[in-house]
Amino acid sequence: MKRQPFNIALKTALATLVCAAFSLPAYAGKTIDTIKQRGAIQCGVSTGVAGFSLPDSQGNWSGLDVDTCRAIAAALLSDPKKVNFVPLNSQQRFTAIQSGEVDLLARNTTWTLTRDASLGLEFTAITYFDGQGFLVPKKLKVTSPKQLKNAEICVQSGTTNEKNLADYFRTLGIKVKPIVFEGFEASYKAFFSGRCQAYTTDLSGLAGLRNKEAKNPDDYVLLADIISKEPLGPAVRRGDDEWFSIVKWTIFALIEAEENGITQANVDELKATSKDPVVQRILGTSEDSGKLLGLDKDWAYRAIKAGGNYGEIFERNVGPKSILKLPRGLNNLWNKGGILYAPPVR
């Protein structure tokens, strides 16, 4: 028998090894091992932002970030209740994820180059496209931040909002006086008490504050000007690809579920009867995508069953019928006028 040249044989062997490696289930990284030993995910959230992460008087958490953490718990631990919510302020949040106090930071945190490249973090996916704006008392008759010359503006320290505020007015050549507070609650309470003529943070936060904290929401106006891009999403510690992949693909599965009409109400029926190959892949009734993540085939089914698809989570927490009353806008699916787009689960 004619022998293959050595270099061809070597290439064939290497190709075989690579294919074999890609067909193996993902290894459970150290973060996943810790989570399983603990029996719960430590999820870092805000100290209380309506629509995103807010506890009620009994300590029950709700919000878009909260539901994201529960979906991930359902995918990994088969139970959306296996989450411990750890409230963190802006100054604590990065240290908490770096030190291992939390496994996941889902806390209205803007994805920026500096944070992604220098803090030992990896952002997983964008769960809310936001932008920074201004809230002002209606009685001031201000219609644009350009009319805020010499105004005192309340803002929280340690945030992208503080830096954006300075950059925006410096570029315009307009002098304002930032009044900086370490805590979120202290900053907005100062504004509503009359300490400042304007308050600035992400638009989603401003909407929540006006509807929840103001004695009369109609006394305040959200200015139309948006001065920044604020892509918000969960982050994990750098260096654990297995955990990173599970968080990222759980979020993508929730978006894919909405795009393909899979809801919390119909997920069981579709799992049992759907002949749609895309739905079958997502719900694990045909291909087993879970083994590539170190999960079982029902991982996405459980995530959707826990709180619904992305659209349901949005509507319940921040949509027009919620306390924030925000439109889908940019956060609508890519084929419905928005920019929300997930890689396919396949």
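Where is Ser-274 placed, between which two helices? Select Ser-274 and you will land in the loop between helix H10 (267-273) and helix H11 (277-283). Keep in mind as you look around that this is a predicted model.

**Stop 1: Ser-274.** Colour Ser-274 by accessibility: its relative accessible area is 13%, and because buried means under 20%, Ser-274 counts as buried. Now show its side chain together with the backbone of Asp-276. A polar atom of the Ser-274 side chain lies 3.2 Å from the backbone nitrogen of Asp-276.

**Stop 2: the largest nonpolar core.** Move on to Tyr-128 and Trp-243, the two that touch the most other members of this 75-residue core. Then highlight helix H9 (residues 241-259), which supplies the largest share of the core, 10 residues. Back at Tyr-128, display its contacts beyond four places in sequence; among them are Phe-52, Leu-64, Glu-230, Pro-231, Tyr-310, Phe-314 and Asn-331. Another core, of 14 residues, lies apart from this one; to find it, select Val-136, Ala-151, Val-155 and Leu-165, which are among its members.

**Stop 3: the whole chain.** Zoom out and switch to a cartoon, where you can follow 13 helices and 14 strands. The C-alpha trace spans about 90 × 50 × 40 Å along its principal axes. Of the 346 residues, 51% count as buried.

Definitions and conventions
Residues numbered from 1 in each chain as written. Predicted model: local features only at pLDDT ≥ 70, side-chain atom pairs only at ≥ 80, totals over all residues. Heavy atoms only, no water. Helix = DSSP H or I, 4+ residues; strand = E, 2+ residues; numbered from the N terminus. Buried < 20%, exposed > 50% of the residue type's maximum accessible area, 1.4 Å probe, protein only. Polar contact = N/O pair within 3.5 Å; in protein donor to acceptor, adjacent residues only side chain to side chain. Core = buried A, V, L, I, M, F, W, Y, C linked by side-chain atoms within 4.5 Å. Contact = heavy atoms within 4.5 Å.
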